[in-house]
Amino acid sequence: MNVIYNSENYCVFQYLGRNMRNMYELVDKRSARGTFFQGDVAERFSQSLQAAVAEDASVERVDEFLGTFDVLLNQPLVVH
């Protein structure tokens, strides 16, 4: 697991899967909810995130981009 983005509002984790494809977990720290992307969706998420960072790497811009995924953040975070 690698933390590839971490701000006051969001955190993005990258995992390397068995088939050597990346998987991503997006966590909204404010709502304590997250979602997991794998397969083709993970690849598209990665490409879109890279494009957003290339356009404007500010925390505000990246958080705004990640905020477009809020509707998918339906898994509550559980601390063990």
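Two strands are taken as paired if DSSP finds at least two bridges between them. In this predicted model, strand 1 (residues 2–6) meets that criterion with strand 2, the two being joined in the antiparallel sense over four bridges. Within this pairing, asparagine 2 lies opposite glutamine 14 of strand 2. The two strands make up a hairpin, with three residues between strand 1 and strand 2.

Strand 2 also has a partner in strand 3 (residues 22–28): seven bridges link them, and they run antiparallel. Here tyrosine 15 faces methionine 23 of strand 3. How enclosed is strand 2 by the rest of the structure? Of the seven residues in strand 2 (residues 10–16), five are buried, so the strand is largely enclosed.

Serine 31 is partly exposed, its relative accessible area being 37%. Between the C-alpha atoms of serine 31 and aspartate 56 there is a separation of 25 Å, for residues that are 25 apart along the chain.

Turning to the helices, the axes of helix 1 (residues 39–55) and helix 2 (residues 59–67) come within 9 Å and cross at roughly 150 degrees. Because angles over 145 degrees count as roughly antiparallel, helix 1 is roughly antiparallel to helix 2. Their crossing is right-handed. On the helix 1 side, Phe45, Ser48, Leu49, Ala52, Val53 and Glu55 take part in the contact, meeting Arg61, Val62, Phe65 and Leu66 of helix 2. Sorted by class, this contact comprises seven nonpolar, one polar and two charged residues.

Key. Residues are numbered from 1 along each chain as its sequence is written. This is a predicted model: local features need pLDDT of at least 70, side-chain atom pairs count only at pLDDT 80 or more; totals for chains, interfaces and linings use all residues. Side-chain values use heavy atoms; hydrogens and water are left out. Buried means under 20% relative accessible area, exposed over 50%, partly exposed in between (1.4 Å probe, protein chains only). Axes are lines fitted to C-alpha atoms, for helices over the stretch in contact, and angles run from 0 to 180 degrees between N-to-C directions. Angles under 35 degrees count as roughly parallel, over 145 as roughly antiparallel, 65 to 115 as roughly perpendicular and the rest as oblique. A crossing is left-handed if the near helix is turned anticlockwise from the far one by less than a right angle, and right-handed if clockwise. Contact means heavy atoms within 4.5 Å. Ala, Val, Leu, Ile, Met, Phe, Trp, Tyr, Cys and Pro count as nonpolar, Asp, Glu, Lys and Arg as charged, and the others, Gly among them, as polar.
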